[in-house]
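Please work through each task with the structure in view before reading its solution.

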Amino acid sequence: MSRIRQIVGLLVTTAAITACQNGSRTTTLPDEHISPKTGTKKELTLDSIYLYAKQLYRWQESLPSYTAFDPRTKYAQIEPEQTAYERALFALSQYALRKKDRPYELSTIPNKPKYSYLEHHRDGKKSSGHMASIQTAYRYATHLSYWSAGDKRIAYVYIPTFPQLHAVKAELDQLAAELAQKQVTHLILDLRHNGGGYVETAEYLANLISPAKLDKKIMFSEQFHPNVQQGKATLLRKQPYLDANGKVVQYKGRPATMADVDYSEKANTHYFIKKGHFNSLQQLSCIVSERTASASELLISSFKPYLPLRLIGQQTFGKPVGFFSVRIGDFDVYLASFLIRNADGWSDYFDGIPVDLSPAPAQSDFHPGDPREPWLAAALKDIAREESIRSIWSSAYFPLPAEEN
């Protein structure tokens, strides 16, 4: 999950943050004196990965000195080239410990950090973060269903990802209008397959479903390392600030760089801005799994201080961090650079957000909106309590579960 921030005094909408080097064979080392000035392209790139981590990484104080890390000796002989860089990045990611012998970026994939990564630079527009390919024709309301239980009016919607906002904005507006028309009090968001996507879209959905009483309250903030907040990450002067078309933005009569961005927590605090007319939500339930991550976890965390919130399924992936890319040679490098904190200052879900209910395993032939599916059945039962559930309308017909004796 990556965020695009505003330059001090200049509001600019961008789609990507890329780098200073143009992909040519010449490589220049960042202006630092702690590493050799000369070397092969591979050695200089390894040095640069270390130097940028030392300035941008959220837990940079845990990193060793250049001499102790010794990237050239340890990684320059590894082939292919990208593997050498990935191994160096992995090693850097394992120094900061959240618990004894447990790094923040502990991963189940060998030699891969949980958050930080790098990839070959691709010319043209880029997404603002590490996201899977998205089907922009997807319609959210396809799997919309409604039930009632006493005076509770329940709605369910399946959201597998957060595509670019322009692709789904009209659909989300239509969804919110329908929720308002039906005066929904209890909303079930099925995020079990939602690994994230565009934070802008998650924010927009949050503003559509939030009660008006949350307007202007803190949704979440992004907290960079104090050195970054205080402008000490001088290497950012070598990274141009680009617009959505990949063009360098002009600022104060000169090309803008990523050093011109305001990284203070105040400038990176996001607030609820109520949108639409849906204002009857009393409780939010989310169906989640270990695949639920990033922007979907941010959505859950943002509501945690304000609404009764129930999670059903499996503990989530755990990604309370974000990043932006820096261009190093032929690669875009994404270092975990900031914490995502909710209004209570909470960001401690590196192991995932725990659930309130852990029903039987989900069915492999999962059909969104089917009340017989164990996790949705558990969510409905949790809302209804002792009241009987009556189907109002569903995008596909599914019989209700049999009443328990």
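Two strands are taken to pair if DSSP finds at least two bridges between them. The model examined here is predicted.

**Exercise 1. The three-stranded sheet**

Determine the strand order of the open sheet of three strands and the direction of its pairing.

Solution. 
- Step 1. The order is E3-E15-E14, and the pairing is antiparallel.
- Step 2. Strand E3 (117-120) and strand E14 (325-328) are the edge strands, since each pairs on one side only.
- Step 3. From one strand to the next, the twist averages 25°.
- Step 4. E3 and strand E15 (residues 331-334) run antiparallel and are joined by four bridges.
- Step 5. An individual bridge can be located as well: His-120 has Phe-331 in E15 as its bridge partner.

**Exercise 2. Helices on the sheet**

Identify which strands helix H1 touches, and which strands helix H4 touches.

Solution. 
- Step 1. Helix H1 (residues 41-56) packs on the sheet and touches E3 and E14. The direction of H1 makes about 155° with that of E14.
- Step 2. Helix H4 (residues 81-93) also packs on the sheet, where it touches E3 and E15. The direction of H4 makes about 165° with that of E3.

**Exercise 3. The packing of H5 and H6**

Describe how helix H5 and helix H6 pack, and classify their relative direction.

Solution. 
- Step 1. Two packed helices are described by the angle between their axes and the distance between the axes.
- Step 2. For H5 (residues 165-181) and H6 (residues 199-209), the angle is about 15° and the axes lie 11 Å apart.
- Step 3. Angles under 35 degrees count as roughly parallel. H5 is therefore roughly parallel to H6.
- Step 4. The crossing of H5 past H6 is right-handed.
- Step 5. H5 contributes Leu-165, Val-168, Lys-169, Leu-172, Asp-173 and Ala-176 to the contact, while H6 contributes Glu-200, Thr-201, Tyr-204, Leu-205 and Leu-208.
- Step 6. Sorted by class, this contact of H5 with H6 has seven nonpolar, one polar and three charged residues.

**Exercise 4. The packing of H6 and H8**

Solution. 
- Step 1. H6 passes H8 in a crossing that is right-handed.
- Step 2. On the H6 side are Val-199, Ala-202, Leu-205, Ala-206 and Ile-209, which meet Ala-295, Leu-298, Leu-299 and Phe-303 in H8.

**Exercise 5. Backbone features in loops**

Locate Pro-80, Gln-183 and Lys-252, and state the backbone feature of each.

Solution. 
- Step 1. Pro-80 lies in the loop between helix H3 (71-75) and H4. The peptide bond leading from Glu-79 to Pro-80 is cis, with omega near -5°.
- Step 2. Gln-183 lies in the loop between H5 and strand E6 (186-190). Its phi is near 55°, a positive value in a residue other than glycine.
- Step 3. Lys-252 lies in the loop between strand E8 (250-251) and strand E9 (254-255). Although Lys-252 is not a glycine, it has a positive phi of about 55°.
- Step 4. Exposed means over 50% relative accessible area. Gln-183, at 54% relative accessibility, therefore counts as exposed. Lys-252, at 69% relative accessibility, likewise counts as exposed.

Technical notes
Residues are numbered from 1 along each chain as its sequence is written. This is a predicted model: local features need pLDDT of at least 70, side-chain atom pairs count only at pLDDT 80 or more; totals for chains, interfaces and linings use all residues. Side-chain values use heavy atoms; hydrogens and water are left out. Helices (H or I, at least four residues) and strands (E, at least two) are DSSP runs, numbered from the N terminus. Axes are lines fitted to C-alpha atoms, for helices over the stretch in contact, and angles run from 0 to 180 degrees between N-to-C directions. Contact means heavy atoms within 4.5 Å. Angles under 35 degrees count as roughly parallel, over 145 as roughly antiparallel, 65 to 115 as roughly perpendicular and the rest as oblique. A crossing is left-handed if the near helix is turned anticlockwise from the far one by less than a right angle, and right-handed if clockwise. Ala, Val, Leu, Ile, Met, Phe, Trp, Tyr, Cys and Pro count as nonpolar, Asp, Glu, Lys and Arg as charged, and the others, Gly among them, as polar. Buried means under 20% relative accessible area, exposed over 50%, partly exposed in between (1.4 Å probe, protein chains only).
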